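Good morning, and thank you for coming. Please look at the sequence and the structure as I show them, and I shall then take you through several residues in turn.

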Amino acid sequence: MARPKPISKEDCLRAMKQTRSIYAAARYLNCSYQHLKPFMKAYKDEVTGISLFDLHKNQSGKGIPKFISDASKKHPAIEDIVNGTADPNSFSPDKLKFKLIEGGHMIEQCYWCSYDDRRDVDGKTPLIMFFKDGNKHNYRDGNCQLSCYNCYFMRLGNVFTERDMESLEGHQTVYKTTEMIDFQMDDYQKRKLQELGLWETKVEDDPYSLVSRKK
């Protein structure tokens with residue numbers, strides 16, 4: 001596993017001049033809050049002797065415009081949720097995950113191995129949201145992260161249920177599986193595969209036509 005890229009004191013000071021909080025500084029430096037935090041705690045301000053982290057943290061949110069929630073569309077006020085001043089239970093995990101990534105609070109890559117490849121068909125990445133303390137209601141202080149399927153399986157638990165695996169690997173249709181293994185493709189996905197030469201519109205009558213054969 002590659003080691004995290006170090007952040008210099010000069011980078012931290014530059015980010016501090018352009019931002020008003022640790023989270024904003026992390027977004028400015030294109031890194032996660034958790035990655036930036038130990039560096040800013042290690043570096044000291046030469047005048048006051050206080051760590052750059054303590055000098056720049058802005059728990060009250062002074063000078064930072066709040067994310068206003070549209071009650072009609074139920075958009076989460078993500079800054080309030082991250083700061084712990086708003087209840088995340090009113091919003092779906094999908095919306096919260098999108099807003100965390102959009103707001104720079106969570107990078108769209110694996111927390112452990114930094115995997116971030118996207119599939120050509122729809123641009124999606126195989127990442128699962130998890131909570132470091134096991135509390136699925138705690139979105140504060142970087143507790144919420146993303147994991148690739150492999151790291152999730154190796155470190156946290158199974159990605160698919162036994163019925164899911166039976167459906168994926170077996171010859172018969174298995175019901176009551178999770179939605180994540182529904183691989184039916186829409187017209188857009190089929191067109192993308194056709195462009196890549198990975199989808200044939202003609203289907204042969206031979207049930208074994210998908211097996212490669214010598215010509």
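Gly-104 sits in the loop that runs between helix H6, residues 93-102, and strand S1, residues 127-131. Please bear in mind throughout that this is a predicted model. Is Gly-104 buried or exposed? Its relative accessible area is 18%, and because the cut-off for buried is under 20%, Gly-104 counts as buried. In sequence, Gly-104 and Ala-26 are 78 residues apart, yet in space their C-alpha atoms are 7.7 Å apart.

Asn-143 is buried, with a relative accessible area of 8%. Its side chain reaches the backbone oxygen of Asn-138 at a distance of 2.9 Å. Setting aside neighbours within four places in sequence, Asn-143 is in contact with several residues, among them Gln-34, Phe-130, Phe-131 and Asp-133.

Now to the cysteines. A disulfide is a covalent bond between the sulfur atoms of two cysteines. How many disulfides does the structure hold? The number is zero. Cys-12 is buried, at 1% relative accessibility. Cys-144 is buried as well, with a relative accessible area of 4%.

My last topic is charge. Side chains of opposite charge can pair when their charged atoms come close. The count of salt bridges here comes to four, and I shall describe some of them.

One joins the side chains of Asp-11 and Arg-14, with 2.7 Å from N to O. Both residues lie in helix H1, residues 9-18, and they are three residues apart, about one turn of the helix. Asp-11 is partly exposed at 25%, and Arg-14 is partly exposed at 38%.

Another salt bridge links Glu-102 and Lys-99, at 3.2 Å from N to O. These two residues are both in helix H6, three residues apart, again about one turn of the helix. Glu-102 is partly exposed, at 48% relative accessibility, whereas Lys-99 is buried, at 12%.

A further salt bridge brings together the side chains of Asp-54 and Lys-57, at 3.5 Å from N to O. Asp-54 is partly exposed, with a relative accessible area of 40%, and Lys-57 is partly exposed at 36%. Thank you for your attention.

Conventions
Residues numbered from 1 in each chain as written. Predicted model: local features only at pLDDT ≥ 70, side-chain atom pairs only at ≥ 80, totals over all residues. Heavy atoms only, no water. Helix = DSSP H or I, 4+ residues; strand = E, 2+ residues; numbered from the N terminus. Buried < 20%, exposed > 50% of the residue type's maximum accessible area, 1.4 Å probe, protein only. Disulfide = S-S within 2.5 Å. Polar contact = N/O pair within 3.5 Å; in protein donor to acceptor, adjacent residues only side chain to side chain. Contact = heavy atoms within 4.5 Å.
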